[in-house]
Amino acid sequence: MSYHKFKVAVIGAGAAGLCAASHVLSRSENFHPPVVYEMSDCVGGTWVYTDNVGRNDYGLPVHSSMYKNLRSNLPKEIMGFPDFPFDTQLPSFVSHNDVRSYLEQYTDQFGIRSHIKFCTNVELVNPISGANGDTKNLWEIISKDLRRGTHCTERFDSVLVCTGHYSDPYIPHIPGIEHFKGQTMHSHEFRITEPFTGKNVILLGCGPSGIDMALELCSVAKQVVLSHANSLLTAPLPPNILQAKAVERFSETGVICGDKTEYPADIFIFCTGYNYSFPFLSREVGLEVRDHRVTPLYKHIVHTTFPTLFFIGLCKTICPFPFFHIQISFALAALDGTHKLPSKAEMDAATEDQYQTSLQIGIPHRHFHKLDSLQWSYSAELAQLAKVDPLPPTIRKLYEENKVIRRQDVCNYKNYKYEVIDHEKWRIVKPKSL
Ligand code: FAD
């Protein structure tokens with residue numbers, strides 16, 4: 001165990017950054033209080049709803065992708081951090097405001113707020129050498145106070161990047177888009193349903209956002225076409241939601257899908273996900289993002305050339321808050337010596353092995369960070385290496401149950417009531433009216 005006290009920077013005060021800050025604060029024997037940089041004026045990250053799209057008051061891209069009526073797609077019984085449950089009075093599927101309030105309460109409960117530099121945008125993260133040697137094992141962060149317009153440079157032993165990955169829309173090229181006379185947008189910009197009243201809407205992509213938005217829009221739109229390359233959703237859908245093969249090209253007035261059917265469209269929405277984006281990392285960091293895979297990262301977290309740089313929450317299709325808790329435990333264990341990281345060569349070899357295995361089991365390159373059911377063995381392993389308690393088994397069970405119920409009853413799954421009796425037992429109650 002090392003007795004050096006680490007100075008840690010946390011970038012972002014969304015769920016991941018707040019969780020990182022609370023863990024650092026709770027390990028005061030090994031860590032100084034963290035410095036948390038947050039470019040907005042509040043905590044909560046993507047859970048802070050705004051009517052705005054495009055740029056914010058400081059000229060930076062709007063971060064949040066929430067729409068006004070959004071309710072969680074996971075029950076609150078498994079959504080919270082393991083040491084801080086949601087209010088039991090809330091329904092299982094909570095509104096974005098409830099999640100934001102939860103994160104506000106978490107911030108105060110764990111004394112995080114005074115460690116956050118609000119309205120402070122991290123502009124550069126750069127590795128630098130310590131006083132006595134060539135090894136670049138320190139970090140310099142240049143940030144901008146957005147209210148004053150001033151810059152500040154600070155040094156750290158370690159950086160935890162907690163900046164989220166639902167802000168930079170991924171928009172694939174579709175032939176003919178230049179001829180389309182309707183409106184196009186990305187799900188990142190969707191806020192309210194009113195502008196869609198009486199319209200023919202096409203949604204491309206049927207991940208959680210595509211499906212949620214189709215269900216939201218069908219109450220006002222004339223017709224909603226959910227176009228996707230997956231197998232068809234089998235659950236009953238409202239009559240004005242159609243499913244179609246993936247869009248092949250645009251016409252002037254609509255789209256032609258893979259089955260050659262043409263659908264009229266007034267508005268076309270890309271529900272095609274997001275890019276990983278780390279504009280503040282210096283070139284020297286050498287992080288590469290190629291077709292939605294970030295390298296060189298060990299266990300999706302540790303930069304193998306600079307093993308004091310960590311990325312929290314990069315994985316997709318996970319149970320986010322509990323997952324962050326485990327990843328952060330691992331990162332801090334790697335820093336304070338509770339877990340000794342392998343050499344760079346060993347970490348790179350293990351990552352390549354994991355990548356090749358995931359290709360062999362049919363996971364495409366672009367989904368390397370999409371864990372889904374692999375998240376359970378992954379987080380159990382991290383917990384073991386970090387010497388912390390694994391996640392309670394109910395999280396896995398209820399997450400997997402929710403997946404099944406959502407598939408079977410996509411229109412109503414958010415009305416089910418979940419109840420955790422203890423770490424092993426639970427109950428799911430279907431609403432009486434269904
Ligand atoms: P974010 O919440 O995005 O926070 C990142 C923070 O970093 C932001 O506050 C941002 O301002 C800050 N930041 C970024 N760059 C900088 C910089 N350069 N300098 C300073 N600060 C910076 N999860 C669930 O558990 N349940 C759900 O039902 C659910 N539904 C979702 C629905 C939608 C539409 C979306 C987009 C996501 C949903 N998620 C859901 C996933 C959600 O992203 C995670 O739950 C979680 O909130 C992500 O937290 P984060 O801290 O990683 O990122």
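View 1. The C-alpha centres of domain 1 and domain 2 are 32 Å apart. Domain 1 covers 8–167 + 274–393, and domain 2 covers 177–270; these bounds come from an automatic or database domain assignment. Please keep in mind that this is a predicted model, in which local features need pLDDT of at least 70 and side-chain atom pairs count only at pLDDT 80 or more, while totals for chains, interfaces and linings use all residues. Residues are numbered from 1 along each chain as its sequence is written, and side-chain values use heavy atoms, with hydrogens and water left out.

**View 2. Where the domains meet.** Here 18 residues of domain 1 are in contact with eleven residues of domain 2 (contact means heavy atoms within 4.5 Å). About 1,100 Å² is buried between domain 1 and domain 2, with carbon and sulfur atoms giving 47% of that area; buried area is the accessible area (1.4 Å probe) that two parts lose on being put together, summed over both. Look for V53, Y67 and Y274: they supply 49% of the area that domain 1 buries against domain 2, more than any other three residues.

**View 3. A look at S187.** S187 sits in the loop between β8 (183–186) and β9 (200–204), where strands are DSSP runs (E, at least two residues) numbered from the N terminus. S187 counts as buried because its relative accessibility is 5%, and buried means under 20% relative accessible area (1.4 Å probe, protein chains only). Leaving aside neighbours within four places in sequence, S187 is in contact with M213, I269, F270, C271 and Y274.

Note on methods: Helix = DSSP H or I, 4+ residues; strand = E, 2+ residues; numbered from the N terminus. Buried < 20%, exposed > 50% of the residue type's maximum accessible area, 1.4 Å probe, protein only.
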